[in-house]
Amino acid sequence: MKKTLLAFPLLWLLTGLLAGAVPAHDLYLFGAVNIGGRVIGSRDTAKNGVYVRTAEGGFAHRGINYPAMLTGSFDPRDPRVFHVAALCGVLTTTDGGHSWRIGTSWDMTEPKSVMVDPNAPDTVYAALPDGLGVSTDRGHSWQRREQGLPARGKYTQVVTVDRTSAGRVFAGCETGIYFTEDGAKNWRRVFVTVDTVTDIRQSPHEERVWLATTQSAGALISRDSGLTWAGVSGLPADQALYNVAFDATTRGRIAIASWSLGLFTSEDGGATWTVRNAGLPANHRVWRNAVDPDTGRLYAAVDGEALFTSDDFGHTWRRDGLETSRIQSFVFVPRTQP
Amino acid sequence: MKKFLALLLLATVAVAQPSYEAPMPGPPPDTRPDTLRRAYLERVNETLDWYLEAIDPAKPLTREQALVKLVRREDADLASQRILELLAEPQSGDMFWMFPWTAIAFAGRDQLSPEARAAIRDAWRTYFPMRGDTENHWVMYYSSLFLMTELYPGEPGETWFNGKSSAENHAEARDFLLHWMDIATTIGQGEFNATHYIGEYAIPMLYLATWSEDPAMRQRGRMLLDLLMAELADNTLHGVLRGPNARTDDNSVIQRWHALATYFSWTMYGHIPPPPHYGGWGIYFAIAAAHYDPPPLFYRIATDREYDREQHDHKRSRRRWRYSDVEMMPVYKTGYIRRDYAVGSYQGGLSDPIQAHVWDVTWAVPDPRGVHNTIFSTHPLSSSRVLQMYFTEYPDWMIDLLASQGKPSYGVPDKILSCSPYEQVFQDLDTIIALYDIPPGIVHQRINGFFSKDLLDVTEAKSGWIFARGGNTYLAYRPLAPYAWEDLLGYRQLPRTGGSGYVWERFRPEGEVDRILVSPHPQNGTIVQAASADEFASFAAFQAAINALPLAFTLQPTPAVKFTTLRGKQVEFTYGAAPVLDGKPVGYTSWKLFEGPHLNAELGARKITISHGRQHRVLDFNTVTTTDYVTP
Amino acid sequence: MKNFRRLLPMLGLLTAVATATPAYDFYICANINRNYVIGSKIVTTNGIFQRTDAGAWRHFGYNDTSISALAFDPRDRNVIYTATLNGLWRSLDGGKNWRISNGWDMTEGRDVAVDPNAPDHVYLALPDGIAVSTDRAETLVRRENGLPERGKFTQAIKVDRTRAGRVFAGCEVGIFLTEDGAQNWRQVFATKETVNDLQQSPHDPQLWVAATQSAGALISRDGGLKWVRLAGVPTERALYNITFDVTNPARLAIGSWAHGVLTTEDGGATWTSRNAGLPENPRVWRVGVDPEGRLYASVFQETLFHSDDFGRTWQPNDLVGSLVNYFVTLPKAAN
Amino acid sequence: MSAQPSFEGPAPVVTTVPAEDQRLAAYHARVDEVLAWRASRVDLNDIPGTMDMASIAILLTLGRDIDACNERVLQMMAEPGTGPFWMFPAVCVAFTGRDLLSPEARASIREAWRTTRQLRGDTENHWVMYYASLYLMSELYPNEPAETWYTGRSSEENLAEAREWLIHWMDTTTTVGQGEFNTTHYIGEYAIPMLFMASWAKDPVMKQRGRMILDWMFAELATVTLNGVLRGPNARSDEGSVIERWNALASYFSWLLFGNTPSPAGYGGWGLYFAPVAKNYVLPEVIHRIAVERDGDYVQRDRARTRRYWRYSDELSPPVYKTNYLRRDYAVGSTQGIVNDVIQAHVWDVTWREEDPRGKHPTMFSLHPHSSGRMMQAQFSTYPEPMPVSVPFEGKPSYNSPDKILGASPYEKVFQDLDTVIALYDIAPGEHFPHINGFFSKDLVNVTEDKSGWIFAQGGQAYLAYRPLAPYHWIPYLHFASGWAKERQDLGGRVLTSPHLKNGTIVQAASVAEFESFAAFQAAINALPLEFTLEPVPAVKFTTLRGKQVAFTYGETPVVAGVPVDYAQWKLFEGPYLNAEVGGRKLTITHGRLQRVLDFNTLTIKDRVIE
């Protein structure tokens with residue numbers, strides 16, 4: 001416990017120091033290539049599931065070929081242990097993704113996101129289309145913890161754990177943002193939406209600052225550790241936003257992805273926003289974006305097209321492989337010291 | 001999703017398919033138990049033989065051919081060899097991979113080479129099939145997992161793809177199967193009367209009945225299979241599945257015979273030709289079909305049409321993740337079957353987001369092959385919100401996706417395969433009233449009525465009724481708003497470019513073309529009244545009778561109809577209100593799980609009674625008991 | 001009906017005229033197969049034979065190995081009843097077509113009799129009682145009131161020709177009599193074991209005789225009310241049947257498995273064994289006398305023998321290998 | 001000509017029921033073996049010599065040589081047989097050929113049912129065959145007038161009569177039991193017609209009834225067989241089967257249905273009529289498990305009834321009380337000692353398991369050789385003398401032999417508790433055979449006449465102790481290979497003959513595994529308290545090897561541990577596997593979690609699996 005609490009400040013320090021040098025993080029991608037061509041039951045023509053960035057900067061597939069892996073969350077004590085939200089449930093690996101066990105049973109399916117509590121890393125949260133699942137044994141078994149969530153309207157797209165204290169968790173649901181301080185034993189709604197909350201992120205710079213994206217209320221910001229939320233001005237609210245990413249290397253830098261609108265960036269902490277689609281394909285359906293915590297490189301996953309990268313935070317783009325892919329998520333994992 | 005039809009391995013098109021190409025089958029010489037049994041096995045063997053005859057010595061066996069060899073206990077060495085080759089390739093197919101390999105594992109367990117058996121076993125460690133997202137996916141997935149973990153008990157988690165031990169997987173699979181059977185026998189199936197997916201239930205249930213070493217699971221499999229086959233018998237018109245379908249496709253919804261369901265009608269009862277390639281998946285039923293004994297009682301239900309019968313059933317919608325106060329909408333299904341035609345419907349609304357078919361009048365034809373023997377109307381709804389209701393997905397991309405996933409019609413305005421929250425339907429006997437109230441901004445702002453190329457004497461009377469003949473059936477169709485005619489174009493798949501999935505173009509079919517009646521008015525309605533030609537001296541007499549029926553309707557502010565049916569029933573039906581029949585509001589909430597001459601069950605009772613005349617079979621899932629009795 | 005009434009008084013008269021062409025018809029029920037068991041193939045002709053005027057045996061009707069008794073409708077010789085293993089068969093056309101009269105609840109008919117004074121009435125002896133038809137055997141009903149619950153095995157049934165509805169039954173426990181067409185039965189003589197045969201004299205309707213299994217032979221001179229044992233007839237072994245001689249009131253014969261043929265020529269006062277000329281220890285199944293007074297003896301697993309000197313000498317009859325169950329002598333049919 | 005693998009091959013060792021699909025496949029394989037074997041014996045160059053009705057039905061079932069079938073049917077129908085044993089084969093051909101035979105051939109069968117009078121016979125099995133056949137033919141040719149049937153009754157009249165009787169018979173069977181219970185051969189005469197009903201009856205009621213009775217009979221067969229071999233009391237058996245217990249038509253059904261014993265030669269002959277239709281019946285799994293998966297030792301107490309007594313009895317069909325005790329190594333079975341059939345009854349025995357039962361005489365019992373015209377008259381409507389004379393020529397050759405080992409006697413009373421049997425005799429003076437016979441098999445080893453009076457022996461894995469209660473001497477056992485055997489063969493084996501009217505036998509069995517040694521077994525038996533007297537009537541007081549104190553006096557109710565046995569309380573079936581109330585018309589068949597209920601009150605078959 002102490003160890004991990006220490007680890008965090010240290011982490012951000014390191015990233016500053018070592019920027020450009022040997023990366024302090026591994027990058028894991030979760031997603032599918034050759035999408036569209038694949039329908040359930042059809043022959044696979046490509047590997048899907050987990051990709052890991054190679055030393056050369058390419059991406060290597062790892063483990064099983066599984067087309068419906070959405071995202072993963074890693075055990076801070078041992079990055080070979082991570083949990084993946086997949087179509088069939090939550091899969092857990094203890095050997096870096098080579099072999100898997102599904103911890104959920106038939107009563108949980110299609111988790112949309114999963115997250116380990118960094119301060120209680122045996123505890124894992126899963127966002128489910130019909131609620132919320134919790135494991136307290138490293139993903140071996142799962143129970144529902146939905147006290148305080150509504151009977152209907154608890155479609156949960158995203159779950160995020162506050163790095164400052166164990167059991168403090170936010171859930172992005174169909175009807176708003178829900179919050180627990182006791183490891184999901186009790187939930188309460190802290191923000192109401194008419195449609196699904198798609199992403200919730202905590203600032204790497206200020207642990208009290210949070211951002212969220214939604215399907216019908218644009219982006220939201222909280223400056224009080226998520227207790228109150230307000231709309232972010234300068235962003236459209238009529239189309240779904242898919243996710244938000246902070247730049248751990250540069251305060252104020254934020255990027256938001258949208259299928260129908262493309263990529264937005266802000267370099268002033270969200271006060272103003274710019275569309276950064278120039279250099280992206282005309283059909284700039286950005287499914288996900290992310291920022292490399294070591295280098296500040298901006299990633300945009302253009303759905304069905306390819307992975308695009310920008311080293312000037314979206315001013316210019318480079319087509320960077322993974323053709324016809326759908327990248328569901330980018331996860332940067334701190335490297336344990338050699 | 002419909003994808004599985006695209007998957008058929010038609011290695012064998014060259015070979016003749018006797019029953020498919022033959023004239024319509026006649027009745028059996030008699031209906032004594034041994035005759036029915038013999039005829040059933042002959043049909044089963046025809047299916048198996050078709051695969052064997054297609055074997056080309058120059059070509060490697062298909063997976064199906066290898067399986068049939070094992071079932072016939074021929075050339076186990078050849079099959080073993082071929083299985084090793086097949087498993088050396090990368091595997092895919094998910095639950096559609098699982099049940100075929102389960103069948104091979106069991107059919108070959110006492111004849112395959114140790115290497116082949118080991119290869120099959122290892123594939124269940126190295127290949128990670130997805131569980132999918134539909135009722136039928138899960139039934140296939142868990143039935144296969146249940147059986148394979150029985151075949152390989154006591155093995156540790158690392159020997160199974162999902163990391164769970166044999167015991168863990170077996171327990172999980174059993175839990176789900178019992179849970180699913182529980183739902184299906186208390187409030188009904190979600191994928192009810194599916195034109196194709198019936199196979200995805202029948203095949204796993206047959207496998208459980210045949211191969212489970214747990215006698216209770218064998219019995220449950222048998223009982224569920226009984227229920228499926230009895231329901232099929234009860235919902236078919238001379239072998240053709242008609243009426244509402246939780247899920248069908250653009251073709252089967254009009255060429256009603258052309259469905260995997262017809263394979264089961266044919267196999268079980270033999271009174272209809274099977275679909276081409278025995279429906280593709282049919283072979284996987286055939287390989288174990290000898291272990292099922294269709295009760296003569298079902299045969300009677302399927303073939304006895306010499307009386308009119310009405311059946312009311314309770315079903316449910318697909319599970320709704322969001323945008324709904326209920327997880328599953330109750331579906332109230334009405335079926336009315338006569339010798340010459342059948343009328344079927346549910347009350348409207350969303351049962352499945354993409355593939356549902358709500359209502360139709362389908363008429364009997366001497367030979368249903370190639371015939372579009374049905375009439376209905378629908379609201380062509382295209383809504384990503386509705387898709388999000390049922391799929392755990394983002395809004396923007398799914399409509400595009402659907403085309404690429406083999407549902408080319410989803411977004412198009414002239415589609416005829418659709419259900420809609422803006423359609424409400426009432427049926428009494430052979431009268432249907434469908435009302436539509438489409439809010440602004442909903443795509444599309446029109447309704448489509450399907451008029452088959454096989455209709456005769458289509459007459460647009462000045463009364464506003466459109467009259468037509470189908471087979472020995474007279475039809476009257478009343479659009480409640482102005483309309484125009486369009487030819488119904490087909491969908492042709494184009495070569496795939498890159499990773500974009502299926503690509504389609506519309507085309508004009510050869511010869512006679514179906515038409516759709518397009519009525520571009522958001523407040524709208526359709527009345528259809530059917531009758532047997534035998535009931536009238538002439539077509540003109542029918543028209544006169546219909547024109548004489550008292551009918552009053554308005555479309556504003558919302559559609560409302562007062563109509564006295566051909567059967568003398570007074571119907572008042574206002575969009576958004578409960579229909580009123582002869583002064584009494586229809587109380588759907590009191591409907592049973594099954595209620596009619598052949599199938600009866602209380603809601604929540606887990607106990608279905610199947611009857612014909614003096615013969616009865618009771619399936620009691622509370623006590624896992626099958627009871628056959630004959631009333632003396 | 002009428003002409004039958006006329007026939008009756010003539011009986012005694014006719015018997016005198018021995019040489020005239022027989023005024024009687026003569027029938028037998030015979031099996032011509034040794035060791036037949038259910039299921040084995042029948043290779044011979046069995047059932048009803050009539051003796052032709054030329055003296056030959058004419059078979060008619062079905063080839064049935066199980067016929068135990070035969071009766072005719074006095075009004076119409078084409079109406080024939082046979083008691084068989086299956087029960088009771090009836091023909092209305094002289095034996096061309098037959099109908100089984102009983103259902104599954106009656107079997108193994110032992111004897112059958114028609115009431116000459118109510119010829120629609122047919123009586124059937126059964127191993128478990130008695131059935132009666134009042135409609136020429138269209139239908140049969142049990143009439144056992146007065147018979148014991150057990151002990152009503154009935155081997156013989158005979159109708160008194162003097163009065164309609166007066167019938168005797170030979171049962172396991174004795175002789176039973178009804179005088180109301182079997183509405184009520186009463187025991188007129190008690191036996192320990194089965195009464196095997198009953199006969200009414202063609203010469204004197206008041207005279208009756210009976211053969212039993214363990215009580216020897218019985219005689220009644222009062223129309224069957226009172227029965228006494230015929231001294232001189234052994235009692236220790238079963239007697240199978242007894243017969244009068246239509247040509248001679250003083251003559252009777254008894255057939256017995258154990259004793260062979262016994263005859264009397266003094267109305268039953270004295271009895272003589274008449275087995276000389278028959279196979280050794282003849283197992284006599286039945287004896288009969290034909291209208292000319294020829295005596296017949298059917299010997300078990302041998303054949304039918306006849307004697308023209310009432311048993312003093314025997315010749316094998318031409319019905320080779322036969323076993324006869326029944327002899328019937330009737331006034332010649334008017335045709 | 002193909003071999004009979006199941007007859008010539010090694011004896012099967014079956015201890016578990018195969019998986020359901022393999023169970024069905026194996027059953028079909030056995031059926032196909034029968035069909036192939038009989039079909040292979042047909043020589044188309046010698047149709048009259050090689051084709052009987054069974055082979056016609058089998059070729060029709062195989063869809064082969066239809067022309068030959070037509071030809072042969074016409075030949076055979078030119079001179080039809082008579083009686084039930086002709087009727088049901090004719091029905092088998094009529095139905096298997098109903099859409100394959102030529103119109104002429106079919107017409108010839110139909111015509112035979114007009115021209116040839118059929119005897120109904122005089123036994124329960126005759127009537128079952130007769131009425132099932134008449135039922136099916138009348139249903140196959142409905143609405144035909146009286147003159148087209150040998151009965152002179154219309155199709156409807158025949159159908160109604162047959163239906164009524166069949167229901168009456170089922171009613172009797174399901175309330176007070178069969179008269180011809182556990183027969184070594186006649187089981188086929190029931191099973192075949194009932195299979196025909198189940199497969200061919202149009203009327204769902206009769207179809208259902210046929211199916212239910214089949215289950216009923218096979219369930220009973222399953223409980224009374226030891227590794228497929230029918231042992232214990234038989235309402236009717238024959239000279240061969242009562243000794244060579246395996247060599248019976250019943251073994252054909254054990255083989256076909258349970259697969260746990262070799263098939264008899266030629267598939268038992270009549271078995272050939274079951275085979276062509278057999279695939280229309282699937283033995284319920286619960287019955288199969290009872291036959292081969294025994295959860296240890298069990299006692300089954302059942303009721304049956306005697307053959308009908310026409311005379312010399314206060315009751316038409318007195319009750320029979322059957323006790324069966326089955327263990328892995330041996331089985332003990334008996335009735336209370338009653339003449340349930342005057343010729344062919346077998347009352348009691350101890351039968352041990354033989355790995356290969358073929359040619360073995362794995363059984364031990366005693367009896368009074370009874371022969372009496374009076375008893376014949378009791379059950380047949382006949383005279384006292386002829387039957388004892390003719391019966392030996394009618395399939396019961398030993399009936400009049402003093403050394404016979406088949407038959408029941410009114411002078412024998414039997415009591416059984418578990419694996420102890422006490423049989424007492426009090427033979428009336430003047431009876432035909434004034435002695436009793438004890439059967440000592442050629443397959444016994446270590447037969448030891450102990451000075452204690454006990455005779456010890458070992459059969460298979462069973463130890464046997466036999467105690468004659470009166471002096472005896474040995475005579476050779478001469479074997480009738482079957483009821484129709486003309487010759488007697490000396491195959492070995494002896495008959496213990498005890499020429500004393502008042503007499504008795506005690507037999508105690510045990511498993512070899514229960515004792516250190518044969519000597520230990522003998523010591524244990526010698527130590528058992530035993531008192532008996534023969535005058536004025538035989539009476540025994542005995543403490544069994546199982547510690548039960550039994551007091552049994554001839555003509556009196558046996559007393560166990562001070563309590564008189566109350567036969568009146570016995571149910572129709574009572575045991576771990578079969579249970580039914582007298583008069584209940586309802587049989588519950590149970591094995592483990594499987595349960596099947598046959599309820600003739602509601603014509604209900606209920607299959608349940610306890611989860």
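These legends describe close-up views of a predicted model.

**View 1. Chain A on its own.**
Chain A is built from one helix and 28 strands. The chain counts 338 residues, and 62% of them are buried. Its accessible surface comes to about 12100 Å². Carbon and sulfur atoms hold 54% of that surface.

**View 2. Which chains touch.**
Three pairs of chains are in contact. Among these pairs, chains A and B share the most contacts. Chain C makes no contact with chain A, and the closest C-alpha atoms of these two chains lie 63 Å apart. Chain B and chain C are not in contact either. Their closest C-alpha atoms lie 21 Å apart.

**View 3. The contact between chains A and B.**
Chain A gives 51 residues to this contact, and chain B gives 51 residues. Together the two chains bury about 4300 Å². Of this buried area, 53% lies on carbon and sulfur atoms. Polar contacts join 24 residue pairs across the two chains, counted where both residues have pLDDT 80 or more. On the chain B side, the elements that give two or more residues are helix 6 (95-107), helix 8 (135-151), helix 9 (166-186), helix 15 (384-390) and helix 16 (398-404). Helix 9 of chain B gives the most, with five residues. By residue class, the chain B side divides into 18 nonpolar, 15 polar and 18 charged residues.

**View 4. A salt bridge between chains A and B.**
Two salt bridges are counted between chain B and chain A. One of them pairs the side chains of Asp195(A) and Arg385(B). The N to O distance is 3.7 Å.

**View 5. A cis peptide bond in chain B.**
Most peptide bonds are trans. The bond that joins Val443(B) and His444(B) is cis. Its omega is about 5°. His444(B) is found in the loop between strand 9 (431-437) and strand 10 (447-451) of chain B.

**View 6. A cis peptide bond in chain D.**
Here the cis bond runs from Glu535(D) to Pro536(D). Omega is near -5°. Pro536(D) also sits in a loop, with strand 19 (530-533) and strand 20 (539-543) of chain D on either side.

**View 7. Positive phi at Asp75(B).**
Most residues other than glycine have a negative phi. Asp75(B) has a positive phi, near 50°. The residue lies in the loop between helix 4 (63-71) and helix 5 (76-88) of chain B. Is Asp75(B) buried, exposed or partly exposed? Its relative accessibility is 41%, so Asp75(B) counts as partly exposed.

**View 8. Positive phi at Arg585(D).**
Arg585(D) is a residue other than glycine with a positive phi, near 55°. Its place is the loop between strand 25 (578-579) and strand 26 (586-591) of chain D. The relative accessible area of Arg585(D) is 25%. Buried would require a value under 20%. Arg585(D) is therefore partly exposed.

Definitions and conventions
Residues are numbered from 1 along each chain as its sequence is written. Chains are lettered from A and ligands numbered from 1 in the order in which they are written. This is a predicted model: local features need pLDDT of at least 70, side-chain atom pairs count only at pLDDT 80 or more; totals for chains, interfaces and linings use all residues. Side-chain values use heavy atoms; hydrogens and water are left out. Contact means heavy atoms within 4.5 Å. Buried area is the accessible area (1.4 Å probe) that two parts lose on being put together, summed over both. A salt bridge is a side-chain nitrogen of Lys or Arg within 4 Å of a carboxyl oxygen of Asp or Glu. A polar contact is a pair of N or O atoms within 3.5 Å; within protein, one must be able to donate a hydrogen and the other to accept it, and residues adjacent in sequence count only if both atoms are side-chain atoms. Helices (H or I, at least four residues) and strands (E, at least two) are DSSP runs, numbered from the N terminus. Ala, Val, Leu, Ile, Met, Phe, Trp, Tyr, Cys and Pro count as nonpolar, Asp, Glu, Lys and Arg as charged, and the others, Gly among them, as polar. Buried means under 20% relative accessible area, exposed over 50%, partly exposed in between (1.4 Å probe, protein chains only). Accessible areas come from the Shrake-Rupley method with a 1.4 Å probe; for residues, only the protein chains shown count as cover.
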